[in-house]
Amino acid sequence: MSHAHLAADLAAKAVAELEFEFTLQVELAEHDPVLESLMQRLDDAGCFDTLVGAGATCSVELQFITPARTAQEALNGAAAAVQRAFQGAKVTRIVPAPDTPSTGSA
């Protein structure tokens with residue numbers, strides 16, 4: 001295969017990633033001592049792009065700026081990482097940033 005064909009083939013397979021910004025409001029299991037180790041656990045789960053805000057007991061807001069091909073992929077990845085970091089956590093609300101692509105974007 002020539003270099004031109006290889007480059008064209010790679011370009012056809014490449015899918016551009018966008019950056020999605022959103023906040024997940026998460027309710028943690030009551031028995032989880034979250035605040036002491038919150039940042040370390042998120043880091044260990046791959047949430048390197050997370051800004052944390054704590055509210056009521058066992059409730060946190062996690063702001064993400066995440067590269068992905070679709071908004072749904074970004075949300076699913078973030079929710080899965082939160083589940084890995086905090087077993088039993090429930091995403092209670094998703095708040096997209098005003099200028100981020102919507103979940104309907106492809």
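What share of the contacts in the protein with a separation of 6 or more comes from residues 24 or more positions apart? I looked this up first. The share is 74%, with contact meaning heavy atoms within 4.5 Å.

I noted the ground rules. This is a predicted model, where local features need pLDDT of at least 70, side-chain atom pairs count only at pLDDT 80 or more, and totals for chains, interfaces and linings use all residues. Residues are numbered from 1 along each chain as its sequence is written, and side-chain values use heavy atoms, without hydrogens and water.

Next, the fold. I found 3 helices and 4 strands, in the order α-β-α-β-β-α-β along the sequence. These are DSSP runs numbered from the N terminus: helices are H or I with at least four residues, strands E with at least two.

Then the core. The largest nonpolar core has 23 residues. Such a core is a set of buried Ala, Val, Leu, Ile, Met, Phe, Trp, Tyr and Cys residues joined through side-chain atoms within 4.5 Å. Buried means under 20% relative accessible area, with a 1.4 Å probe and protein chains only. F22, L24, V26, F64, V82 and F86 touch the most other members. Two or more residues each come from β1 (18-27), α2 (34-44), β3 (59-68) and α3 (71-85). Helix α3 gives the largest share, 7 residues.

I checked F22. Beyond four places in sequence, its contacts include L62, F64, A78 and V95.

Last, A85 in helix α3. A85 counts as buried because its relative accessibility is 8%. Beyond four places in sequence, A85 contacts R41, L42 and A45. M39 lies 46 residues from A85 in sequence, and 9.7 Å from A85, C-alpha to C-alpha.

Technical notes. Buried means under 20% relative accessible area, exposed over 50%, partly exposed in between (1.4 Å probe, protein chains only).
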